Amino acid sequence: MTDVEESTVEVHPVSFPPEILARISPDLSLQRHLSLGFRPSSRGFEEFRDITINTGDVTRRIQSDDNSVKIPPNNGKQGLGSCVLKQGDVFVITQITGGIIEDITLSKNDMELEDDTELLEITKEHSDITKYSSVYPVVEINRGRMGACTDEEMTISQRLYDSLLHSHILTQDVLRVEPGVRITNEDGSVSIIYPDTKENKEITNALKPKKKWSYVLYAKIEVFGRTGPVYDMCWNSLIAALQSVKLPRTFIDERATDLKMTVRARGRNAVVMETYNLLCDPNESTNLQLRENSISYASTYGIIDLDPEADITNLENNDDVDEPMDEGLETKTVLLADIDGEAEETSIKSTISITACPNGRFKQFSVVGGGAKITKELLMRSITLSKQRSRDITLKVQTV
Amino acid sequence: MAKDIEISTSESKFILEALKQNYRLDNRTFDQFRDVKIQFGEELGDVLIEMGKTKVHCKISSSITEPYEDRPFEGLFFISTESTPMAGPQFENGNNTGEDEVLISRIIEKAVRRSGALDIEGLCIVAGRKCWAIRANVHFLDCDGGFVDASCIAVMAALLHYKKPDITIHGEKIIVHPTEEREPVPLGILHVPICITFSFFNPLDIEENIKGEGNSEIVIIDANLKEEQLREGVLTVTLNKNREVVQVSKAGGLPMDALTLMECCHKAYDITEKVTDQILEAIKVDNKQRDKFSAMLSSENAREAS
Amino acid sequence: MNTRTGYLENVDGSCLYSLNSTKVIAAVTGPVEPKARQELPTQLALEINIRPACGVPTTREVNIQDKVRAVITPTLALYKYPRQLCQITLQLLQAGETESYFHELELVACVNSTTYALVDSGIALKGIALGTTIVITEGNKLITEPTDENLKNAKSTHVVVYMIENSKPTNLLLMDSYGDFDQNDVFKVLEQSEIKINELNKNFREYMKTKLNNL
């Protein structure tokens, strides 16, 4: 017996400082934090990061190498709208730029504008979604290296596009270009007439060509210092930026309204209408009309099962390790708002992302449940929080 | 990850020995083209071709765009062929730069696009401003050899089957009529090129092949995957029903007798004729099925069949 | 809904799937040796590729891929195949919806066909994923398995995927909703889809049973 006693090796528990444990076992580190009632970022379970929003501030020097379609300086800014959003340590900078394209084909909705009742009749039952438009977002998450865009960037860009389209925030009508006409008066002075008044409308209608143009909006969204999922920040930043968009007014010179060009190919001639004769007014712009009651803001939630074995309070109370631990210990599932940080991102497999209007309607709702089971109660809780968050952000954007 | 197909020495010896004795593994004769199965999908221009175990799907799509600046009177026509690991482990995702894959898409491109099978001037809407862009999307689903032949049939059948929406030019504007509103218009097909691939095997050594008097090379039509792996030379001829040679492609490999080429073209012509007729017949049957109501809508008077 | 497994010769598992006008082929190869950069030391790596019916893959397909991955990963017995790769290729033959506006029908078709193909391939699974599309119309009516026209006129569109273990829907794997709706709609959709997915599961088991009996 004594022999055995002597050869027994005493096992010392290995312990790591918290920051090292967080690197080698993010999962355990997160569980330990949660068991104490707060998160690695020292936030509470349902506490969001602080958010600051600034719109319309980003300026750039005027430079355009595209001679055909010029986007004018917008009070000295090239971008049509912008937003700088800071949430926690993450910066999201959104710039809205735009261009003008000619509508090649007549859509059903265009025909309703023209007084072409016969054609209208046939296509009347055509539906909703075709009347709405979206912007083309490009998300770039800066990681300090160059390279092709990642799947995450592509996925977020596409989700932003889809959500914006289906939230019905932008109609095609507001993106339609109503060009004015620049005329040279008898005394040689030049003036631009816009179809604002009835009288002017008649003049421009008589002069302008029958082509139709639309604005296309692009959003360049740059994320700096990513610490976790960024979809909600990109969306909030995009929506805030859109609210600051000013579209330049455009006009056509009266001499250019009917510009034609002859082309020759293989001995044949054809008359081609010159496309690019639309100019942008450097001084005049209009606000982009958004459908106010469709403005919504996004928030993200994570759901995780608390591992009773990782509970620090249990460890301290139960000095006798041999005693079965799982007895009487129930797995508790908790909801974490606004997930952030490596530990939370890698360990939390079930997430909910909600885009809500302040009035409680939803525009986008996505649940991914690869980990903890998502119960009705958790869904309810996240819904309540998302409405609150949406109201908070609305106030922040309005006070800008 | 792309993996080359490996055939064991004993199996390859067996196949070659069988060929020497005039046998093929699938019991076909040397000049026998596999039976072509043509299936049309629900939409226009959606075709699935099956040749033995080889399956190729082709789908035509169209859009309105601007023509190239130097060709204002022509529409656009693209053929996209991309292979995925779905067809077999020898293909890799997003990497279509393999020698075989490039060769396949080049041959189809030459056979169909550069032979002018599609009337691209007929795709012009407003000269220099608007035209149709037609795209043939070829999807390789399952590979058991003969991708070139099957895809060519698939592309041609799909082009013949496809109808683009009718349009009206409305001043400066183009109105595209949905198919339920106005009968869509078929594409202008000028001829139907069909590719036939011949594979060569050398039963004797290489010296005999080059210097020897006899032409003992074995020529088989429409090789399957295993035969393709073992063949030493390949020739693809593209013909149409008008007895015109559209393309002859023999990229190196086993040297062959010049007269064999003529012989191959003759053999290929019979197959071309048969396949062309089969495509046209299949399209006729399909059109009839789609057009169930044409008899009802016809203004023709009912006549007593005497 | 129409399914046919074992459709392709050169892959381990495949399924030709069609529902209304949406048609897709799923092919599964695996477990195979991965490329060095895909290899995971303790578990099975997953490669998903979606090819559209027309044109080249874009961000749209990447987005669908991302969702399919989120749904399929939890169903695989990942730790059974360390340092191996499972390759899933999905070729759409017919979208069945206006591609510039929607991806819902294609997403559900991809998920369901992948499930059939995975079972066909014989790779170890912890459960299966089955999903459905539901739209809510202007008149607050729920339509399951909508058509393109239904989608266009819908107030909101929803995709729901459940995990099925022991032949019961247990876990919500994915809910992806767009449009205009409130919390009651969310719960109504979840309830309705659970009924539909139960039905799909019954079909699935029936199909596999006949398939095994005919072996």
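Predicted model: local features only at pLDDT ≥ 70, side-chain atom pairs only at ≥ 80, totals over all residues.
Visitor: Before we begin, how are residues numbered, and which pLDDT do local features need?
Guide: Residues are numbered from 1 along each chain as its sequence is written, and chains are lettered from A and ligands numbered from 1 in the order in which they are written. Side-chain atom pairs count only at pLDDT 80 or more, totals for chains, interfaces and linings use all residues, and local features need pLDDT of at least 70.

Visitor: How many residues of domain 1 of chain A are in contact with domain 2 of chain A?
Guide: Two residues are in contact if their C-beta atoms, placed from the backbone, lie within 7 Å. On the domain 2 side of chain A there are 14 such residues, and on the domain 1 side there are 15. Elements that each supply at least two residues of the domain 1 side include strand E15 (297-306) and helix H11 (376-399) of chain A. For class, Ala, Val, Leu, Ile, Met, Phe, Trp, Tyr, Cys and Pro count as nonpolar, Asp, Glu, Lys and Arg as charged, and the others, Gly among them, as polar; the domain 1 side divides into four nonpolar, six polar and five charged, within its total of 15.

Visitor: Which element gives chain C its largest share of the side that touches chain A?
Guide: The contact takes 25 residues from chain C and 28 residues from chain A. By class, the chain C side has eleven nonpolar, eight polar and six charged residues. Its largest share, eleven residues, comes from E9(C).

Visitor: In E9(C), what is the bridge partner of A:Val367?
Guide: Two strands pair if DSSP finds at least two bridges between them. E18(A) and E9(C) run antiparallel and are joined by six bridges. Within E9(C), A:Val367 has as its partner C:Met175.

Visitor: Which are the edge strands of the open sheet in chain C?
Guide: Five strands form this sheet in the order E1-E2-E3-E5-E4, with mixed pairing. Helix H2 (residues 104-121) of chain C packs on the sheet, and its direction makes about 145° with that of E2(C); axes are lines fitted to C-alpha atoms, for helices over the stretch in contact, and angles run from 0 to 180 degrees between N-to-C directions. Pairing on one side only are strand E1 (2-5) and strand E4 (45-51) of chain C.

Visitor: Why is strand E6 of chain C largely enclosed, and which residue stands opposite C:Ile134?
Guide: Nine of the ten residues of strand E6 (residues 128-137) of chain C are buried, so the rest of the structure largely encloses it. Ten bridges join E6(C) to strand E8 (residues 154-165) of chain C, and the two run antiparallel.

Visitor: Which residue takes a positive phi in the hairpin of E6(C) and E7(C)?
Guide: E6(C) runs antiparallel to strand E7 (residues 142-144) of chain C, with three bridges. C:Ile136 stands opposite C:Leu142 in E7(C). The hairpin has four residues between its strands, and the positive phi, near 60°, belongs to C:Asn140.

Visitor: Is B:Asn22 buried or exposed?
Guide: B:Asn22 lies in the loop between helix H1 (9-20) and strand E1 (36-40) of chain B. With 9 other C-beta atoms within 10 Å, B:Asn22 is exposed.

Key:
Buried ≥ 20, exposed ≤ 12 C-beta atoms within 10 Å, placed from the backbone.
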